[in-house]
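Let's take a friendly look at how the parts of this model meet. Have the sequence and the 3D view open as you read.

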Amino acid sequence: MVKLGKFFKGLYVVLMGIFLYAPIFTLIVFSFNAGKSRAKWDGFSLKWYAALFQNQTILQALYNTIIIALVSSLIATLIGTMASIAMNRMKKLPRQVMMGITNIPMLNADIVTGISLMLLFIMMDFALGFTSVLLAHITFNIPYVILSVMPKLKQTDRHVFEAAQDLGATPISAFFKVVLPDIFPGILSGFLLAFTMSLDDFVITHFTKGAGVDTISTKVYTELRKGIKPEMYALSTLMFVTVLILLVFINRRRDRQNEAQKI
Amino acid sequence: MKNKKRHSLGQLLLAGPYTVWMVGFIVIPLFLIVYYGLTNKSGAFTWENITAITSAVNMKALWLSVELSVICTVVCLVLSYPLAMILANSKMKNSSLTAFLFILPMWMNALLRTLAWLTLLENNGVINTILTKIGLPTIHIINTPTAIVFGMVYNYIPFMILPIYNVLVKLDKNVINAARDLGANAVQTFLRVILPLSIPGIISGITMVFVPSLTTFAISDILGGSKILLLGNIIEQKFKTANNWHAGSGLSLVLMVFIIVTMVISSHYEKDGESANVW
């Protein structure tokens with residue numbers, strides 16, 4: 001009975017795993033398809049990987065995607081961490097007002113955030129293009145940073161910061177030597193989360209981009225009707241595998257550190 | 001006194017950039033939607049953009065959006081809860097690894113992943129080929145609302161699994177043991193102890209699945225064959241194809257009513273209003 005229960009539990013987890021990873025597996029398989037078809041297998045080939053590095057528009061979209069994700073999450077991490085430190089010291093009411101507004105982009109629909117920013121840029125006569133997308137991404141990334149850093153700040157002991165100052169540290173050096181190491185895991189996870197969100201975003205980019213500027217998401221969307229170029233499958237396979245290797249590596253290192261701490 | 005002044009200056013320097021950003025890029029843009037939604041092209045006040053929702057096409061799209069997103073939310077909840085429970089009770093207590101498995105798919109473009117389902121589900125797609133080979137009846141769901149729900153569930157289920165898992169994994173095992181010691185059976189323990197304690201996770205999951213599925217336009221575009229219009233599709237067309245920002249904003253305001261209701265309900269269950277952190 002217990003064994004049977006265990007079997008069904010395992011089966012359920014596996015089935016859900018298949019559900020989540022089946023399309024990823026499909027895309028990887030079709031990136032090696034010799035034909036252009038998304039439905040028929042015509043034999044193994046690496047030609048789309050070769051074609052990918054010749055395709056300037058896709059490479060440009062990849063470049064835009066990565067630069068926007070990197071710059072927007074870095075700026076968001078800086079602004080968000082600063083704001084978190086300030087908010088942590090605020091009185092309850094202003095803090096709650098600020099947290100309430102911070103929650104808006106997270107809870108609001110992407111389409112509403114997207115069009116609201118589009119209207120802002122149009123009203124300001126700000127040309128829709130690379131910069132407008134970047135500003136939009138910073139906007140929706142900051143809340144993820146704040147929500148990652150705030151819990152860590154709440155856990156830190158204020159007295160340690162004060163004690164460091166009593167012992168002669170300037171507030172700035174006390175911050176960098178005492179507070180920052182404590183909240184760093186939160187900052188890092190906020191940054192990674194912001195980076196992921198920016199990389200995966202389609203809706204907000206769709207509304208805030210101008211003609212001629214594309215990220216991978218918007219490129220895929222415009223290609224949907226004309227038929228996706230198989231180079232896209234090759235590109236997403238490469239990106240996925242890179243991230244997979246990176247994350248497995250980070251996880252293994254973390255496990256090893258945990259082991260070392262136990263000893 | 002001097003110290004206090006320095007302190008508030010530091011506070012200002014830290015909070016300043018975000019406050020300006022917040023007002024400029026979150027608050028003002030929302031008011032712009034309200035402004036555009038309540039004016040016509042010549043800038044005069046009108047309710048027209050809002051009442052446009054009562055037209056047959058828009059009403060149908062709104063109703064379909066609500067219907068599909070409710071179904072999607074229920075399906076996600078039913079599928080996620082057992083999974084979150086199994087994962088939370090498993091020996092694999094490495095929560096970062098579990099979360100990692102459900103966030104990892106996000107690193108492959110969501111539109112491409114949804115498109116891959118088209119390949120799998122098509123009338124002569126991969127799944128039907130397999131079904132025919134083993135002698136089972138084939139499925140014909142592509143270009144139907146069912147396919148859209150399928151795509152929604154696929155895209156948003158991680159947002160249901162993670163918050164429920166996070167609540168369940170932090171649940172004090174002593175409380176469960178106490179209930180069992182006091183004579184509750186497994187079903188009673190679940191219904192009267194585990195389930196009530198996991199409500200915050202459920203509510204946060206419901207919000208995070210319901211809002212995006214109510215407002216999507218890309219999933220219905222891909223799996224609905226652009227013949228089935230959700231409210232999100234209509235708003236998107238108003239902005240991107242028709243260039244009628246007033247009409248689009250008006251419909252967005254209607255959409256926001258639903259979002260605000262969802263937010264109010266969910267914030268009711270959240271402690272301090274500061275714990276929307278699902279990760």
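This is a predicted model: local features need pLDDT of at least 70, side-chain atom pairs count only at pLDDT 80 or more; totals for chains, interfaces and linings use all residues.

Residues are numbered from 1 along each chain as its sequence is written, chains are lettered from A and ligands numbered from 1 in the order in which they are written, and side-chain values use heavy atoms, leaving out hydrogens and water.

Chain B brings 79 residues to the contact and chain A brings 88 residues, where contact means heavy atoms within 4.5 Å. On the chain B side, helix α1 (residues 2-37) of chain B gives the most, with 20 residues; helices are DSSP runs of H or I with at least four residues, numbered from the N terminus.

Chain B itself is assigned domain 1 (1-37) and domain 2 (51-269), with bounds from an automatic or database domain assignment. Their C-alpha centres lie 34 Å apart.

| Interface | Buried area | Share on carbon and sulfur atoms |
|---|---|---|
| Chain B and chain A | about 7900 Å² | 75% |
| Domain 1 and domain 2 of chain B | about 520 Å² | 79% |

Buried area is the accessible area (1.4 Å probe) that two parts lose on being put together, summed over both. Of the area that domain 1 of chain B buries against domain 2 of chain B, B:Ile33, B:Tyr36 and B:Gly37 supply 80%.

Technical notes: Helices (H or I, at least four residues) and strands (E, at least two) are DSSP runs, numbered from the N terminus.
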